[in-house]
Amino acid sequence: MSLLDLKTFQSQVSELLLRHRSLLDVLSKYQQTNSTVNRSVIKAITECGCIEVDAKKQPYASSEQDAAVDSVPELTHTHVNGLLCETCRDFINAELGKNLFYMSALCNLLSVDLNEVLDKESRTCSTLGKFNLS
Ligand SMILES: [Zn+2]
């Protein structure tokens with residue numbers, strides 16, 4: 001599959017969005033699809049069982065460890081055990097796509113260029129590096 005640029009995707013969304021053209025509709029659909037993404041991850045855990053949550057306090061509380069930013073990835077846990085099965089991966093992929101669709105629709109309605117959003121956020125990540133821990 002070729003890499004689709006975000007500008008082309010934004011135009012495609014603009015052409016396809018016949019219903020939910022109101023900002024309020026797009027905002028609510030964007031939020032709804034975000035919830036569905038979260039729900040599909042939860043179903044992978046609670047219904048399929050291909051992944052599990054193993055959560056506990058992150059072990060980087062001491063100031064000594066805070067200073068060693070480079071060691072944070074090794075010290076922290078994702079709280080996820082296992083890998084998504086193909087079915088769950090496909091489902092989550094589809095739900096993320098719907099969420100991206102409404103994010104693009106929101107950008108269209110507000111005249112925000114998604115490529116510009118991506119570029120700016122990438123530059124912020126490059127500038128702040130590992131200190132971008134928000
Ligand atoms: Zn699964």
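This is a predicted model: local features need pLDDT of at least 70, side-chain atom pairs count only at pLDDT 80 or more; totals for chains, interfaces and linings use all residues.
Colleague: In what order do the elements of the chain run?

Modeller: Helices (H or I, at least four residues) and strands (E, at least two) are DSSP runs, numbered from the N terminus. The chain has six helices and two strands. From the N terminus on, the order is α-α-β-α-α-β-α-α.

Colleague: What share of the residues in the chain is buried?

Modeller: Buried means under 20% relative accessible area, exposed means over 50%, and partly exposed lies in between (1.4 Å probe, protein chains only). The chain has 134 residues, and the buried share is 18%.

Colleague: Which protein donors does the zinc ion have?

Modeller: Donors are N, O and S atoms within 2.8 Å of the metal (3.2 Å for Na, K and Ca); water is not among the atoms, so sites may look incomplete. Here the donor atoms are SG atoms lying 2.3 Å from the zinc ion. Along the chain they follow the spacing C-x1-C-x34-C-x2-C. The donors are Cys-48, Cys-50, Cys-85 and Cys-88.

Colleague: Why is the arrangement around the zinc ion given the name it has?

Modeller: Four donors count as tetrahedral if all angles lie between 85 and 135 degrees; four count as square planar and six as octahedral if opposite donors are over 155 degrees apart and all others between 65 and 115; anything else is irregular. The ideal angle for four tetrahedral donors is 109.5 degrees. Around this zinc ion the four donor atoms subtend angles of 104 to 118°, so the arrangement is tetrahedral.

Colleague: How many residues apart are Cys-48 and Cys-88, two of the zinc donors?

Modeller: Cys-48 belongs to helix α2 (residues 23–48), and Cys-88 to helix α5 (residues 86–109). The pair links distant parts of the chain. The separation is 40 residues.

Colleague: How many disulfides does the structure hold?

Modeller: A disulfide is a pair of cysteine sulfur atoms within 2.5 Å. By that rule the structure holds zero.

Colleague: Which residues does Asn-99 touch, not counting residues up to four places away in sequence?

Modeller: Asn-99 sits in helix α5. Its relative accessibility is 11%, so Asn-99 is buried. Its C-alpha atom is 5.8 Å from that of Asn-34, which lies 65 residues apart along the chain. Contact means heavy atoms within 4.5 Å, and Asn-99 touches Tyr-30, Thr-33, Asn-34 and Val-37.

Colleague: Which residues is Thr-33 in contact with, leaving aside neighbours within four places in sequence?

Modeller: Thr-33 is found in helix α2. With a relative accessible area of 6%, Thr-33 is buried. Its contacts are Lys-98, Asn-99 and Tyr-102.

Colleague: Which residues form the aromatic pair, and what is the angle between the planes?

Modeller: Rings of Phe, Tyr and Trp (its six-membered ring) pair if their centres lie within 6.5 Å; planes under 30 degrees apart count as stacked, over 60 as edge-to-face and the rest as tilted. A search of the whole structure finds one pair. The pair is Phe-101 and Tyr-102, edge-to-face, 5.0 Å centre to centre, with a plane angle of 75°.

Colleague: Is Tyr-102 buried or exposed?

Modeller: Its partner Phe-101 has 18% relative accessibility and counts as buried. Tyr-102 has a relative accessible area of 11%, so it is buried.

Colleague: Where is Ser-111 found?

Modeller: Phi of Ser-111 is near 55°, a positive value in a residue other than glycine. Ser-111 is exposed, with a relative accessible area of 69%. Its place is the loop between α5 and α6 (114–128).

Note on methods
Residues are numbered from 1 along each chain as its sequence is written. Side-chain values use heavy atoms; hydrogens and water are left out.
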